[in-house]
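Here is a friendly briefing to read alongside your sequence and structure. Please keep the 3D view open as you go through the points.

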Amino acid sequence: MPSLNANGIRIAFDTAGDPKSVPLLLVSGLGLQLTAWPDEFVEGLVELGFYVIRFDNRDSGLSTKFEHAGTPSLGLAWLKSLLRIPLKPPYRLEDMADDALGVLSALGVARAHVVGMSMGGMVGQLMAAKYPSRVLSLTSIMSSSGRRGLPGPTQAARRALLRRPRGAGDIDAAIDYNVQLLQAIGSPAYPTPEKHLRRRVARALRRNCCPGGVVRQMLAVTACGDRTPQLQTIVAPTLVIHGAADPLVPLACGVDTAQAIPGARLEVIEGMGHDLPSQLLERLLALIDAHAHGKMAPDSTPRLFVKQ
């Protein structure tokens, strides 16, 4: 796996397609590696004429880890957040946005379409706000603005998140835990067979496993707080895609994100949860392609806050 130096750290990356084609940067979510983007999704983007760039966020995959910073207490961070006490994470989401920009610069890419999922959508939002001249368009998938008052995970999703593997360092236990988590937050209308989930999780864990990195990334998200002021400055054409059945980041978060970004279009997918099911990949590809080429019809979605 190739790597590059960007923003003072080492970042593992992968590219697909013709470098002379229009660049499209994929930004992964919390604790996810570049391999979390399905191969058929990447291949579909290449067939549509994009030069696809994927990378491992800091503290995940084969990129630089921040183990020297230790593993923060999320409980303490949550309490401080409630009391509005400033948090001091090892790094911030803004640093991760700088990482993503550094990947483009290291590869000689002046401007790119940016597609981010979950936490990656947040990183993409900050990229578009901070570096408007470098972002051709933004697609924010199953993400949020971080605004206070938005609904959180369902009880079932929260329980799945808080549960711990039965044996520390046991690869089989880690696989079981992650499969059950993915089942809890996945798309109810488009379930992924357990054997496929198990294969995917095993592949990711054998490539790299960094539980502390997940916690540090989560702290960066918590410390970032409400990004609405930044979202209101975004000028890049923006598409917000959200599942109507997302149990981890409820639909109201996607609606709020679209409301905050001037001119953003909201696409709600019925039956979609917090994943990229194979049954929806063609639809997602069509939406991203139409958005990148300015072929989407004017958004007629009512700008109303959706309660969960």
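A residue counts as buried when its relative accessible area is under 20%. Arg 265 has a relative accessible area of 18%, so this arginine is buried. Please keep in mind that this is a predicted model.

**Arg 265 and its partner**

- Arg 265 belongs to strand 8, which covers residues 265-269.
- Its side chain reaches the side chain of Glu 267 in a polar contact of 2.6 Å.

- Helix 10 runs over residues 251-260, and nine of its 10 residues are buried, so the helix is largely enclosed by the rest of the structure.
- If you want to pick them out in your viewer, the buried residues of helix 10 are Leu 251, Ala 252, Cys 253, Gly 254, Val 255, Asp 256, Thr 257, Ala 258 and Ala 260.

**Helix 3 against helix 8**

- Two packed helices are described by the angle between their axes and the distance between the axes.
- For helix 3 (residues 93-106) and helix 8 (residues 211-224), the axes come within 8 Å and cross at roughly 110°.
- Angles of 65 to 115 degrees count as roughly perpendicular, so helix 3 is roughly perpendicular to helix 8.
- Helix 3 brings Leu 93, Glu 94 and Met 96 to this contact, while helix 8 brings Gln 217, Ala 220, Val 221 and Cys 224.
- Sorted by class, the contact between helix 3 and helix 8 holds five nonpolar residues, one polar residue and one charged residue.

**Salt bridges**

- Side chains of opposite charge can pair when their charged atoms come close.
- How many salt bridges does a search of the whole structure find? The search finds 12, and some of them are described here.
- Asp 39 pairs with Arg 203, and the closest N and O atoms of this salt bridge are 3.9 Å apart.
- Asp 39 sits in helix 1 (residues 39-47) and Arg 203 in helix 7 (residues 194-207), so this pair ties together parts that are 164 residues apart in sequence.
- Both ends of the pair are partly exposed: Asp 39 has a relative accessible area of 34%, and Arg 203 has one of 46%.
- Arg 207 forms a salt bridge with Asp 56, with the closest N and O atoms 3.0 Å apart.
- Arg 207 is in helix 7 and Asp 56 is in the loop between strand 4 (50-55) and helix 2 (74-82), so the pair ties together parts that are 151 residues apart in sequence.
- Is Asp 56 buried or exposed? At 0% relative accessibility, Asp 56 is buried.
- Asp 176 and Arg 198 meet through their side chains in a salt bridge of 2.8 Å, N to O.
- This pair links helix 6 (residues 171-185), which holds Asp 176, to helix 7, which holds Arg 198, so parts 22 residues apart in sequence are tied together.
- Asp 176 is buried at 19% relative accessibility, whereas Arg 198 is partly exposed at 29%.

**Loop residues to look at**

- Most residues other than glycine have a negative phi.
- Asn 7, which is not a glycine, has a positive phi near 55°.
- You will find Asn 7 in the loop between strand 1 (3-6) and strand 2 (9-16), and at 39% relative accessibility Asn 7 is partly exposed.
- Met 142 is not a glycine either, and its phi is positive at about 40°.
- Met 142 is placed in the loop between strand 6 and helix 5 (155-162), where at 3% relative accessibility it counts as buried.
- Thr 192 lies in the loop between helix 6 and helix 7 and is buried, with a relative accessible area of 19%.
- Leaving aside residues up to four places away in sequence, Thr 192 touches Leu 197, Arg 200 and Asp 275.

Technical notes
Residues numbered from 1 in each chain as written. Predicted model: local features only at pLDDT ≥ 70, side-chain atom pairs only at ≥ 80, totals over all residues. Heavy atoms only, no water. Axes fitted to C-alpha atoms, helices over the stretch in contact; angles between N-to-C directions. Helix = DSSP H or I, 4+ residues; strand = E, 2+ residues; numbered from the N terminus. Parallel < 35°, antiparallel > 145°, perpendicular 65-115°, else oblique. Contact = heavy atoms within 4.5 Å. Nonpolar A, V, L, I, M, F, W, Y, C, P; charged D, E, K, R; others polar. Salt bridge = Lys/Arg side-chain N within 4 Å of Asp/Glu carboxyl O. Buried < 20%, exposed > 50% of the residue type's maximum accessible area, 1.4 Å probe, protein only. Polar contact = N/O pair within 3.5 Å; in protein donor to acceptor, adjacent residues only side chain to side chain.
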